[in-house]
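Visitor: I'm new to this one, and I'd like to go through it with you. Could we start with the charged side chains?

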Amino acid sequence: HLMSKTIIVKGYDITKQVLHGLTPEQYISLMEYQNFKCFLSGNEFKYNPEKQKFIDVNGKAPPIDHDHHTGNIRGILSEKVNWLERQWELGSYGILSKPSELTEYQKNPPAIKLFGEIKYK
């Protein structure tokens, strides 16, 4: 079987983190930029050494959010906020007003501020 290479950045072993096109260094930089929190909800992401990844309040790896039209990575959101954000794109909420924070995030995503355009893989 293939041995997976250990990935350690700034003391975090993120060997099992799914990066979706970000380098390990970019992933940690984005986490730091977001203060290890969901960019929109402020929910904290904690590092879990046993799982070799960051996890959100639900114990799951926080999703790397991307724009489904451009394919560009936008930021790291908690699972529920990422789901909410996707539902606005799909029009699930009808005439309900989209939160201004969500519109602002979509216009000026943290990942694009930091790195420019990186395609989600």
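Guide: A network of salt bridges links Asp65, Asp67, Arg74, Glu85, Arg86 and Glu89, where a salt bridge is a side-chain nitrogen of Lys or Arg within 4 Å of a carboxyl oxygen of Asp or Glu. Please keep in mind that this is a predicted model, in which local features need pLDDT of at least 70 and side-chain atom pairs count only at pLDDT 80 or more, while totals for chains, interfaces and linings use all residues. Residues are numbered from 1 along each chain as its sequence is written, and side-chain values use heavy atoms, with hydrogens and water left out.

Visitor: How many salt bridges are found in the whole structure?

Guide: The search of the whole structure finds 8 salt bridges. One of the pairs is Lys10 with Glu32, whose side chains meet at 2.9 Å, N to O.

Visitor: Where in the chain are Lys10 and Glu32?

Guide: They lie in distant parts of the chain, 22 residues apart, with Lys10 in the loop between strand 1 (8-9) and strand 2 (12-13) and Glu32 in helix 1. Helices (H or I, at least four residues) and strands (E, at least two) are DSSP runs, numbered from the N terminus.

Visitor: And is Lys10 buried or exposed?

Guide: Lys10 is exposed, with a relative accessible area of 57%, whereas Glu32 counts as partly exposed at 30%; buried means under 20%, exposed over 50%, and partly exposed in between, with a 1.4 Å probe and protein chains only.

Visitor: What about Lys60, which side chain does it meet?

Guide: Lys60 meets the side chain of Glu79 in a salt bridge of 3.6 Å, N to O. This pair also links distant parts of the chain, since Lys60 sits in the loop between strand 4 (53-55) and strand 5 (64-66) and Glu79 in helix 2, 19 residues apart.

Visitor: Changing topic, which residues touch the most others in the largest nonpolar core?

Guide: Among its 21 residues, Ile14, Leu22, Tyr27, Phe54 and Ile76 touch the most other members; such a core is a set of buried Ala, Val, Leu, Ile, Met, Phe, Trp, Tyr and Cys residues joined through side-chain atoms within 4.5 Å. Two or more residues come from each of helix 1, strand 6 (73-76), helix 2 (79-90) and helix 3 (100-107), and helix 1 gives the most, with 4 residues.

Visitor: Last one: where is Phe39?

Guide: Phe39 is found in the loop between helix 1 (24-33) and strand 3 (46-48), and Phe39 is partly exposed, with a relative accessible area of 33%.
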